[in-house]
Amino acid sequence: MSDTCFGLGTPVLRQTSKPKMSGEREDILLQVNHVRYKKNNGQLYLSQSRVGWMMDDSDTFAVSVQYSDIRTQKISPEGKPKVQLQIVLHDMTTHTFHFCTPEGRDKQVIERNQTKERLAQLMDKRKRLPPDDLVQKKRMLDENEQLCQLYKDLVATEIISGDEFWKEIAVQYKNNMGPNQDVGISGAFLADIKPQTDGSNGKVQYNITPEIMLAVFKTYPAVKKKHSEYVPHRMSEAEFWTRFFQSHYYSVHTNSSSENVFSECAKYDDKEWNRDVGSAKNDPLCDLIDIYEEKPMSIESDIRIAGAKAGSNIMHATMIKRFNQQSVGIIKAHAYTEREKLLDELAAQNPDSLPNGDEEPEVEVHKSKKARLEEKVTYDDLQGPSKVESASLTINQTHRYLIGPTEYTTVQNLEPRQVNILQQQLVATVSNWKPDLPHSQDPDAAYMNLQQFSDMCRRSRTSAGIRSGDELPGKLHKELTLVYSSAGELLRHFWSCFPPRTPQLQEKLHRMHQTLCRYHEKTIRPFRDMAVNDYNCNTTILDHLLGMINIANTKYENWKSRNSR
Amino acid sequence: MILDVDGMPVYFPYEFIYPEQYSYMLDLKRSLDAKGHCLLEMPSGTGKTITLLSLIVSYLRAFPQNLTKLVYCSRTIPEIEKVIEELRKLKAYIEKETGAPSNITGLALASRKHLCINPEVNKAREGKIIDSGCYALTASYVRSRAQRDDTIPQCDVFEKFDLHGKEFPLPSGCYNLDDLREYGHQKGWCPYFLARHAVLQANVVVYSYHYLLDPKISEIVSKEMKSESCVVFDEAHNIDNICVDSMSISINRKVLDKAKNCISTLHDHIQRIKESDSNRLQEEYNRLMAGLRQAARSEDVVANPVFPNDILEDNIPGTIRTADYFVSFMRRLVDFLKHRLTVTHAVQESPAGILRDLKNRAFIERKPLRFCTERLSSIVRSLELTDVSDLAPLVAVAHFATLVSTYLQGFVVIIEPFEDKAPNIPNPILYLRCLDSSLAIKPVFTKFQTVVITSGTLSPLDMYPKILDFHPVIQNSFTMTLARSCILPMIVTKGNDQVSISSKFESRDDPAVVRNYGKLLVEMATIIPDGMVCFFTSYLYLENVVATWYDHGIINDLQRHKLVFIETQDDAETSLALLNYMKACDKGRGGVLLAVARGKVSEGIDFDHHYGRCVIMMGIPFMYTQSRILKARLEYLRSQFNIRENDFLTFDAMRHAAQCVGRVMRGKTDYGIMLFADKRFFRADKRNKLPRWIQEYLTDHASDLSTEEAVQMIRPWLRQMAQPFTREDQLGVSLLTLEQLNSLENVEKVQRRAQQTV
């Protein structure tokens, strides 16, 4: 029997002892006995991260599913003889568990519901967790080659621990990575709510998730407002959403004038819409109203008595308008969140920053009309390749940049007359100046300097061995670069601890010093040996680096001796 | 680069040039040399405007004795502004190359609505009111009155311009509408009149079609242009309709009621003047008696709707010479028209028939009718009326009278009890329709030595010389030389279930067809990145289809992939939808825009690069064939020009379809799919009417596809197009350097390539 179980491709994990579900020890949160799975008796376990089922008289899990893999769970309907719970995975495979406590059907239902609730909670928790830390770290390493190299050099060789690496070194990179992008709202967020019919009594059930609610709120601010007004003072959450599904928002055919909760929303939306329509006129290239020249003395408006909308079906026209409204709402929701995020980020970067004046009213930044026309009339492929890429500076609050510190002038103002006199004097001096070359320098000193220079030149010419980078063999050169960059990074961190005023900084200083020493031991020395032995290089190639490390060491020793005193 | 085109140096402000641009220049040069007209079709998005400007401006520099001015007509305000920007670029380049300031002056001209800077006047945002407000401040008699009386308000900027502005020519440069306004602010001069004044002096004038084609406007604005000018009609695929429209008038009961009110006010004015200053009317009478005509003045509001050549050189007949007679004459005319409007079924009559009826019932002769507009203009001047916007209905009636009595050929009068679109709202309308598009453009052809008619879609080329009645010295259609096939035209004729799709009347509401259209759109939305645009044949069809799609859940499917935006009949709402559609494309979400062929979106907006990777043409955009106006025009075209009805209808539908799909391309680095979804596109008579540059890339195996097959074709194509595309790939094939144009042999090769036959 158990063989057939495994043969069906259910994930099997090698397990040694009962409470252990995977490599790490996990606490069992809920255990239910007498649960059948594929006609085998066993126990169902819920742990922190997964749901598992184990057959009686076995010590391995026949079923073990991560919560994150579960799409949804289903329960058997009320009237059915078997009390079952089914979990559906993302790849649409299902596992059905049959609760069969001998204590009777009621107990079975209780157990099943308990499991369901708990499972729902746990799944929810899993889902809400921020995207896996590791994923993010991996992304950072993937995107930053240098960081990745540093990681290899420092963490893989255990010069510093992984945690420390992420805490100390990766922080700046993280800041440089730019903001994470928000996921926008799906265009079909309403369409994706699939009503489920009950089969017999004609009851229709809508399942709504927090995500959908959020999407609705973002797209229709009016609904959000209504929601905060009505729920829970005047109606329950469920009632609110029932009404929502009856309103025009969900079924665009409906004319919701009879229905008071959302008809106000419709009015609000229309007002907003009209405002947007008004503002759209300002865009010079999308403005369809003015694209044709109007003829003077036209009587066009008098001719069309039925108006421009003659012949169109009012129902269809409203429907079309609502589609447009929805799409515009989605676009706008995105714009809002982006802006909010930007502000949050700014606040997070320097938490105790003083606001520079009041926040400036948001001005919709249209590219100037001329710039856009210019863009339109330019053909990229006909243009020569001479365009220079230049970085642009985005100035959010211009007045800060226009007002600098006032100049402190020590120069006394001269009268114009004096300026003239001085100028004349200067001209006179310059014209009368005769260079006195023989006496401009002490001949002995000059001779000595010259000798010194030529001596050095000669020495450098004769000195054997490899001096500059491009004479190094390619591989060695590359490795040297890596060593330099890693050491440089560490040194940067070392020096950033000065002056070590706080205990944290002092501690970091110690740590960095140790790290440096270890790096010297573990990387630089072997590298030097290798360079000398394998490539037959002069050891001088590392002189500069070692010099830098020595300076750091000396500085550290000095500080330590001064501190211990 | 400085090119050598047929021995003439041409300044071209780019380092590279497309082969078709060079060939275009050659043809243009030939027709300028021959002082004849030409008809040139060049693919959209291959830099037509800069080519035209480069060659003609260089010609102006090289042969100032042969050509003195370029008049560039475009259709929309954004287009006009783009032309000026391109000219600015060209001018900067010429100055850089020659090292000396050039004396090119280019300016855009538009109505007061776009140019007025008087804050009192332009606060009204409606063109009509601004015009009238301006007139009330700047009419000559208002100004002379203001000199006597300080309380009468004047327009400061106009006065300043009148005092100082006229002597000084506009400094050379390129003036867009914004620049003119700014210059006006700076100098304190009225930009509108400044522009009007500068039109005569500028080398390059850019304005909309009406300024040349509408006799009411061209007489005022463009009269003094010299014949040594080159007139360019860009985006001219629709030029025949503009010609026809500029000489047509519609009148309904509301207009007549308002006209009646106008007559009453006119009468009151006359009575008042009689009491206060009877001399004035007497003077007018004497002047008319003596047959002294007043030249049309730039400030006239009531302009003649017929061409100057067609105005009778005669005295105003006695029946309408006195003011009172004229008023009662107009009253009779309005009453007659009102009587004619009481119809229960549609009536079609020739102008002669109407004239006979007028004579029998209202005792109105033909001759006074012809002078109707002129007489009205004179009385408005004599009465010194200022509030001219109210006069519009009466002016319309006068225009009708003059037109119907002047042209007996090529016009038709149709009276319908209701509008086509709204058959349940009684609104009888009298249409005076011009049927002959050659009428309005004839003076342009005769007056100017070179007229260039150009667009991305002019196929079939021989249609335009016929309907516009002119003889081009050169007519040519250029292909698009491509280093990679960056346009993918395809015809989808059936859905996945093999049901053929078509927008023809009998099957357009068939659920299977609508569903298949929906499926096609959804399939495309899943595989095409960024933006896509879908054109329907009419607005009503769009509405119905969207409603059906919603019921079938197709809209929901569509929303899963892209945000949906839909053109509505309200321009402002559509602008907003369009703006957000572009935002959606910019953000990378992608959007799909459902729009209407012949609508403003299809005419005025470019969907270049990621704003449109695919255009779907759902059905063939035929005109509403039941319309009596169209029927009358078809009848006329058949009898006068020997054009078969079906040919013209197909021609018209295909040019609009091509116009819609052409919006997707801009430059050769761009790429886009042109999808024609109708089984009728597959037929030879439709396919052959597509512009050559589209036909050439429409292979046989891409012209009878089902939805699935289309998807199969698009997928690898998109992948291929997404690869990096460098200049090296293009060089020599679709992009040329100066060196490549140096030898004669190469030039010939280039020309051959740009004119590959299908």
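**Notes on the model**

1. Asp6(B) sits in the loop between strand 1 (2-5) and strand 2 (8-11) of chain B. This is a predicted model, and in it Asp6(B) has a positive phi of about 55° although it is not a glycine. Most residues other than glycine have a negative phi. With a relative accessibility of 45%, Asp6(B) counts as partly exposed.

2. A second residue of this kind is Asp530(B), which is not a glycine and yet has a positive phi of about 55°. Asp530(B) belongs to the loop between helix 23 (511-527) and strand 16 (531-536) of chain B.

3. Next, the cis peptide bonds. In chain A, Phe498(A) and Pro499(A) are joined by a cis peptide bond with omega of about -10°. Pro499(A) lies in the loop that runs between helix 16 (474-496) and helix 17 (503-534) of chain A. In chain B, a cis peptide bond links Ser459(B) and Pro460(B), with omega of about -10°. Pro460(B) is placed in the loop between strand 13 (450-455) and helix 22 (463-468) of chain B. Most peptide bonds are trans.

4. Chain A contains an open sheet of seven strands in the order 4-3-2-1-7-6-5, with antiparallel pairing. Strand 4 (61-66) and strand 5 (70-75) of chain A are at the edges and have a single partner strand each, so one side of each has no neighbour in the sheet. From one strand to the next the twist averages 30°.

5. Within chain A, strand 3 (residues 50-55) and strand 4 run antiparallel and are joined by five bridges. One of the residues concerned is Arg50(A), whose bridge partner in strand 4 of chain A is Gln66(A).

6. In chain B, strand 5 (residues 105-108) pairs with strand 6 (residues 173-175) in the parallel sense over three bridges. Strand 5 of chain B is also joined by three bridges to strand 7 (residues 204-208) of chain B, and these two run parallel. Leu107(B) takes part in both pairings: its bridge partner in strand 6 of chain B is Tyr175(B), and in strand 7 of chain B it stands opposite Val205(B). Both faces of strand 5 of chain B are covered, with Thr105(B) and Leu107(B) buried on one side and Gly106(B) and Ala108(B) buried on the other.

7. How many cavities of 30 Å³ or more does a search of the whole structure find? There are seven. Rolling a probe the size of a water molecule over the atoms shows where empty space is left.

8. The largest cavity holds about 390 Å³ of space. Its lining has 26 residues, and those nearest the centre are Gly45(B), Lys48(B), Glu235(B), Asp606(B) and Arg666(B). Both chains contribute: helix 12 (369-377) of chain A, and helix 2 (48-62), helix 3 (77-98) and helix 29 (645-662) of chain B, each supply at least two lining residues. Helix 3 of chain B gives the most, with four residues. By class, the lining comprises ten charged, nine polar and seven nonpolar residues.

9. The second largest cavity has a volume of about 80 Å³. Its lining includes Arg112(B), Cys116(B), Cys134(B), Cys155(B), Cys190(B), Phe158(B) and Phe193(B). Helix 6 (127-138), helix 8 (156-165) and helix 10 (191-198) of chain B are the elements that give two or more residues to this lining. The lining divides into nine nonpolar residues, two polar and one charged.

10. The last point concerns Thr378(A), in the loop between helix 12 and helix 13 (398-402) of chain A. Is Thr378(A) buried or exposed? Thr378(A) counts as buried because its relative accessibility is 17%, and buried means under 20%. The side chain of Thr378(A) reaches the backbone oxygen of Glu374(A) at 2.7 Å.

How values were computed:
Residues are numbered from 1 along each chain as its sequence is written. Chains are lettered from A and ligands numbered from 1 in the order in which they are written. This is a predicted model: local features need pLDDT of at least 70, side-chain atom pairs count only at pLDDT 80 or more; totals for chains, interfaces and linings use all residues. Side-chain values use heavy atoms; hydrogens and water are left out. Two strands pair if DSSP finds at least two bridges between them. Axes are lines fitted to C-alpha atoms, for helices over the stretch in contact, and angles run from 0 to 180 degrees between N-to-C directions. On a 1 Å grid over the protein atoms alone, a cavity is a set of points where a 1.4 Å probe fits but cannot get out, and a pocket is an open set with protein on both sides within 12 Å along at least five of seven lines; lining residues have an atom within 4 Å of a point. Grid points are joined across faces, edges and corners, and a volume is the space filled by probe spheres set on the points. Ala, Val, Leu, Ile, Met, Phe, Trp, Tyr, Cys and Pro count as nonpolar, Asp, Glu, Lys and Arg as charged, and the others, Gly among them, as polar. Buried means under 20% relative accessible area, exposed over 50%, partly exposed in between (1.4 Å probe, protein chains only). A polar contact is a pair of N or O atoms within 3.5 Å; within protein, one must be able to donate a hydrogen and the other to accept it, and residues adjacent in sequence count only if both atoms are side-chain atoms.
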